[in-house]
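Here is a short briefing on a sheet and on a chain-to-chain contact. Please look over the sequence and the model first.

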There are 2 protein chains.
Amino acid sequence: MQDGLLLVVSGPSGAGKSTVCSRLLLEMPRMNLSVSVTTRCPRSAEKEGDSYFFRTHDQFEEMVEKDAFLEYARVYDNCYGTPKEYVFDQIAQGKDVLLEIEMQGALQVKRRFPQGVFIFVVPPTLSDLKHRIIKRGSETPESLMRRFSNAYHELSYLDEYHYLVVNDSVESAVEKIKAIIVAERCRMDRNAKLRKKLLDEGADTWA
Amino acid sequence: MQDGLLLVVSGPSGAGKSTVCSRLLLEMPRMNLSVSVTTRCPRSAEKEGDSYFFRTHDQFEEMVEKDAFLEYARVYDNCYGTPKEYVFDQIAQGKDVLLEIEMQGALQVKRRFPQGVFIFVVPPTLSDLKHRIIKRGSETPESLMRRFSNAYHELSYLDEYHYLVVNDSVESAVEKIKAIIVAERCRMDRNAKLRKKLLDEGADTWA
């Protein structure tokens with residue numbers, strides 16, 4: 001059986017990547033969202049392993065020391081990280097894992113797991129992006145400026161990503177990512193087992 | 001506008017790649033089959049530029065000297081080659097070009113145009129391949145042995161290809177190649193123009 005894929009999806013705030021990722025998960029029942037480890041307290045309805053694995057600060061630090069994360073970050077007083085074990089278990093079972101994450105985290109993942117499929121989602125135009133962020137209405141002029149400046153800045157660092165997906169519509173963006181998944185499964189470097197199988201069979205058929 | 005893709009499809013004799021390629025051309029009206037230059041004489045119904053460009057031996061040699069071919073070969077007394085000009089013109093118009101060719105030719109193309117998309121089509125098992133070739137009934141035991149030995153030999157040299165497509169059914173092989181086309185169009189290195197457009201727009205939106 002072929003290993004599953006780790007899909008790492010980033011994109012500027014307002015590019016619509018969350019909507020695209022939710023739709024993708026709906027349409028691909030064998031794909032799982034990556035579950036993060038966090039030091040923050042569980043909210044009332046949150047169950048362990050569902051949206052998060054809850055750990056103490058000490059446990060988290062121990063995982064960092066054991067190099068147990070694909071990426072991790074401190075956000076205010078809490079830590080968040082993507083555990084290797086969960087991702088690698090899923091992949092070994094042939095299941096694809098989706099990790100929606102900002103660029104800094106994606107670049108950490110890339111260093112530790114370059115076999116991942118790195119996808120950057122962009123809006124058709126940057127003025128679209130501006131309108132989408134403004135429409136949310138939740139931004140101050142300063143935070144709007146900062147978000148927009150970040151988005152612009154990130155565009156200069158895209159070479160680490162394998163694919164650029166234009167989110168002209170949710171449907172078309174999802175179709176493109178589904179095509180990327182099919183294509184990646186066909187990539188020569190992901191098919192060493194199949195090649196070996198064919199060669200072994202060939203040797204038998206000869207005999 | 002994005003450049004078209006050059007799809008180079010190889011695979012062992014009997015893997016069904018011709019059927020797959022014909023179906024692909026039917027389903028993708030904007031994709032053209034690459035037209036070869038040949039020194040052989042046109043047959044009665046053959047029109048210049050339709051299935052071949054017909055040239056004299058001298059003209060062919062001149063093209064070789066001018067490095068005008070993506071690949072070329074001598075087969076018995078005649079020469080065949082894939083002219084760069086035709087392929088590059090199509091690609092510049094945003095049209096994809098399909099080149100179905102054996103491994104030696106594909107490797108020549110790869111050296112001259114590594115931006116091509118190199119796909120190797122295989123049967124699900126090598127014994128399938130044996131059965132398909134035998135079913136054709138047109139082979140002597142010796143030629144059968146040679147074909148099969150070639151197929152086996154080629155499996156050891158697949159690293160030059162980007163994709164391995166298992167032809168378990170024509171439909172599924174065509175779907176995989178169509179997904180590869182969609183994915184390749186999203187590849188970061190094929191979207192330099194889009195990235196520049198976004199950056200330029202971003203700079204304007206800032207101002």
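In chain B, strands S2(B) and S7(B) (residues 97-100) pair in the parallel sense over two bridges. Pairing requires that DSSP finds at least two bridges between two strands. Helices (H or I, at least four residues) and strands (E, at least two) are DSSP runs, numbered from the N terminus.

This is a predicted model: local features need pLDDT of at least 70, side-chain atom pairs count only at pLDDT 80 or more, and totals for chains, interfaces and linings use all residues. Residues are numbered from 1 along each chain as its sequence is written, and chains are lettered from A and ligands numbered from 1 in the order in which they are written.

**Sheet of chain B**
- B:Leu33 stands opposite B:Leu98 in S7(B).
- The open sheet has five strands, ordered S2-S7-S1-S8-S9, with parallel pairing.
- S2 (32-33) and S9 (163-166) of chain B are the edge strands, and each pairs on one side only.

**Helices on the sheet**
- Helix H1 (residues 17-27) of chain B packs on the sheet and touches S1 (6-10), S2, S7 and S8 (117-122) of chain B.
- The direction of H1 makes about 165° with that of S7(B); angles run from 0 to 180 degrees between N-to-C directions, with axes fitted to C-alpha atoms, for helices over the stretch in contact.
- Helix H3 (residues 84-92) of chain B also packs there, touching S1, S2 and S7 of chain B, at about 145° to S7(B).

**Contact between chains**
- Chain A and chain B each give 30 residues to the contact; contact means C-beta atoms, placed from the backbone, within 7 Å.
- H8(A) gives the most to the side of chain A that touches chain B, with seven residues.

Key:
Contact = placed C-beta atoms within 7 Å.
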